[in-house]
Amino acid sequence: MQIGLIGLGKMGGNMVERLRRGGHEVVGYDPHVETRTVASLDELVQALAAPRVIWVMVPSGDPTRSTVQELAARLQAGDVVIEGGNSRYTDDRVHAAFLAERGIGYVDAGVSGGVWGLDNGYALMVGGQAEDVAKVQPVFDTLKPEGDAGFVHAGPVGAGHFAKMVHNGIEYGLMQAYAEGYELLAATDVVHDVPGVLKSWTQGTVIRSWLLDLLVLALDADPELAQITGWVADSGEGRWTLDEAINNSVPMPVIAAALFARFGSRQQESPAMKAVAALRQQFGGHAVRAVATDEAETPA
């Protein structure tokens with residue numbers, strides 16, 4: 001089928017290639033990428049036959065909001081917009097209502113697969129009305145991995161991105177667990193081959209996973225991870241997951257700890273830990289390290 005795709009970055013560009021390999025005609029647009037098919041949104045809409053299907057694959061928040069608004073002014077009743085970024089599910093409901101006033105369908109698609117999706121396929125979690133999902137099902141069938149799994153119509157508008165939000169929250173916890181295990185292995189003199197231990201876990205163990213495989217690949221390239229710093233960003237979905245956990249009284253201590261660990265990674269000096277050091281000094285006379293000399297001092 002014919003589809004337009006806005007946003008030709010790392011994932012969007014690979015999605016275009018996978019769709020074309022699957023026999024679809026893809027018209028791509030991205031003002032920052034030279035490989036685009038057309039030079040503007042107007043040209044994109046004009047290049048597609050009605051009823052049109054356009055996949056938006058730009059960063060969540062204002063970039064997505066503005067793109068949806070611009071498309072609304074150009075599309076016609078019967079067209080469908082697929083939003084494939086990691087938008088908050090509440091934004092999806094706003095987008096869908098806005099487009100519905102013009103007779104335009106809306107499907108939110110949580111997409112997982114990263115840079116490996118071109119060859120492995122993308123796990124897809126979608127939300128929307130059944131008739132809108134059905135219109136674009138051939139696209140989902142091509143993008144998803146081979147086999148019966150990898151795609152789900154999770155529910156109404158917002159359900160796809162809600163599912164992807166929880167997926168990413170779980171990802172935070174899994175990555176943190178692997179990272180803490182790695183640090184303990186590296187901190188002891190008992191284990192001499194830390195990368196080898198991690199690699200041994202990739203077969204036959206209950207903790208094997210694709211994330212573990214990727215950590216092994218990273219250690220193969222840089223056995224002591226000396227080429228990178230420990231500064232870790234967060235996309236926002238871990239925060240949203242915890243917001244929803246609070247709203248629904250669901251305990252999520254692992255995901256919360258993983259998110260807070262990322263916050264801690266961005267602090268050159270932790271004000272909280274400075275306060276802890278000061279308190280230990282005050283009540284017990286415990287040693288602290290001065291800023292200037294970084295040497296231990298014992299209070300008089």
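## Close-up views of the predicted model

**View 1. Arg21 is exposed, with a relative accessible area of 53%.** Exposed means over 50% relative accessible area, buried means under 20%, and partly exposed lies in between (1.4 Å probe, protein chains only). The structure is a predicted model, in which local features need pLDDT of at least 70 and side-chain atom pairs count only at pLDDT 80 or more, while totals for chains, interfaces and linings use all residues. Residues are numbered from 1 along each chain as its sequence is written, and side-chain values use heavy atoms, with hydrogens and water left out. The side chain of Arg21 meets that of Asp119 in a salt bridge, at 3.3 Å from N to O. Arg21 belongs to helix H1 (residues 10–21) and Asp119 to helix H5, so the pair ties together parts that are 98 residues apart in sequence. A salt bridge here is a side-chain nitrogen of Lys or Arg within 4 Å of a carboxyl oxygen of Asp or Glu. Helices (H or I, at least four residues) and strands (E, at least two) are DSSP runs, numbered from the N terminus. Asp119 is also exposed, at 60% relative accessible area. A network of salt bridges links Glu17, Arg21 and Asp119.

**View 2. Two further salt bridges join Glu101 to Arg102 and Asp234 to Arg239.** The closest N and O atoms are 3.5 Å apart in the pair Glu101 and Arg102. Glu101 is exposed, with a relative accessible area of 64%, whereas Arg102 counts as partly exposed at 36%. In the pair Asp234 and Arg239 the closest N and O atoms are 2.8 Å apart. Asp234 is buried at 15% relative accessible area, and Arg239 is partly exposed at 39%. The whole structure holds 10 salt bridges.

**View 3. Val115, Trp116, Trp210 and Leu217 form a nonpolar surface patch.** Together these residues have about 410 Å² of accessible area, computed by the Shrake-Rupley method with a 1.4 Å probe; for residues, only the protein chains shown count as cover. Patches are made of residues with over 30% relative accessible area and no salt bridge, like charges being joined within 9 Å and nonpolar side chains (Val, Leu, Ile, Met, Phe, Trp, Tyr) within 5 Å. Trp116 sits in the loop between strand S5 (105–112) and helix H5 (117–120), and counts as partly exposed at 40% relative accessibility.

**View 4. Helix H10 (residues 237–247) has buried residues, among them Trp240 and Leu242.** Glu237, Gly238, Thr241, Glu244 and Ala245 of H10 are buried as well. The buried residues of H10 pack against helix H4 (89–100), helix H7 (159–187) and helix H11 (253–265), a contact meaning heavy atoms within 4.5 Å. Ser249, with a positive phi near 55 degrees, follows H10. Ser249 lies in the loop between H10 and H11 and is exposed, at 65% relative accessibility.

**View 5. The backbone has a cis peptide bond between Ala50 and Pro51 and a positive phi at Leu225.** Most residues other than glycine have a negative phi, and most peptide bonds are trans. Omega of the bond between Ala50 and Pro51 is about -5 degrees. Pro51 is in the loop between helix H2 (41–47) and strand S3 (53–56). Phi of Leu225 is near 50 degrees. Leu225 is in the loop between helix H9 (210–221) and H10, and counts as partly exposed at 23% relative accessibility.
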